[in-house]
Amino acid sequence: MTNEHPLTYSLSNAYPNPFNPTTTIGYSIADDVNNLNISIYDIRGRLVDRLYSGIKSKGEYEIIWNATGLASGVYFIHMLANEFVFNEKIILIK
């Protein structure tokens, strides 16, 4: 986390992508959020991992997602912060 206070909500491109077995997911929040949710879904829309759910102060953050134990394939990062919704496609290659 940095001390910078972003002016927008965003979900940065995960890196590396494609990845094996970990990828770093960056995001920023412009205001304090009472209900931030960041989840990973498979290609069929099934929830495979909930990375964060709860209150978060404004700022810039990173989460490292470890997909050990999951099959190769396409996954989606889904971020919901207040009324803002973001999605990103990521590819796990083993």
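What share of the 94 residues of the protein chain count as buried? Of these residues, 36% count as buried, a term that stands for under 20% relative accessible area, with exposed meaning over 50% and partly exposed the range in between (1.4 Å probe, protein chains only).

## Basis of the model

This is a predicted model, in which local features need pLDDT of at least 70 and side-chain atom pairs count only at pLDDT 80 or more, whereas totals for chains, interfaces and linings use all residues. Residues are numbered from 1 along each chain as its sequence is written, and side-chain values use heavy atoms, with hydrogens and water left out.

## Overall form

The protein chain has seven strands and zero helices, and from the N terminus on its elements run β-β-β-β-β-β-β; helices (H or I, at least four residues) and strands (E, at least two) are DSSP runs, numbered from the N terminus. The C-alpha atoms fill a box of roughly 35 × 25 × 15 Å, taken along the principal axes. The radius of gyration of the protein chain is 13 Å, which agrees with the value near 12 Å that a compact globule of 94 residues would have; this radius is taken over C-alpha atoms, and the globule rule is 2.2 Å times the number of residues to the power 0.38.

Among contacts in the protein chain with a separation of 6 or more, 58% are accounted for by residues 24 or more positions apart, where contact means heavy atoms within 4.5 Å. The protein chain exposes about 5500 Å², of which carbon and sulfur atoms supply 51%; accessible areas come from the Shrake-Rupley method with a 1.4 Å probe, and for residues only the protein chains shown count as cover.

## Strand S3 and its partners

Strand S3 (residues 33-42) is largely enclosed by the rest of the structure, because seven of its ten residues are buried. Seven bridges join S3 to strand S4 (residues 47-56), and the two run antiparallel; strands pair if DSSP finds at least two bridges between them. Within this pairing, Gly54 in S4 is the bridge partner of Leu36. S3 and S4 form a hairpin with four residues between them, and Gly45 in the turn has a positive phi of about 85°.

S3 is also joined to S6 by seven bridges, again in an antiparallel arrangement, and here Ile40 stands opposite Ile77 in S6.

## Aromatic pairs

A search of the whole structure finds four aromatic pairs, a pair being rings of Phe, Tyr and Trp (its six-membered ring) with centres within 6.5 Å, where planes under 30 degrees apart count as stacked, over 60 as edge-to-face and the rest as tilted. One of them joins Phe19 and Trp65, whose ring centres are 5.7 Å apart with planes at 55°, so the pair is tilted. Because Phe19 lies in the loop between strand S1 (10-11) and strand S2 (22-29) and Trp65 in strand S5 (residues 59-66), the pair ties together parts that are 46 residues apart in sequence. Phe19 is buried, with a relative accessible area of 2%, and Trp65 counts as buried at 1% relative accessibility.

The rings of Trp65 and Tyr75 have their centres 5.8 Å apart and their planes at 70°, so this pair is edge-to-face. Trp65 lies in strand S5 and Tyr75 in strand S6 (residues 73-81), so the pair ties together parts that are ten residues apart in sequence. Tyr75 is buried, as is Trp65, and Phe19, Trp65 and Tyr75 form one aromatic cluster.

## A lysine over two rings

Lys56 lies over the face of Tyr52, at 4.4 Å from the ring centre, and its charged end also sits over the ring of Tyr61, 4.4 Å from the centre. A charge sits over a ring if NZ of Lys or CZ of Arg is within 6 Å of the ring centre and within 35 degrees of the ring normal.
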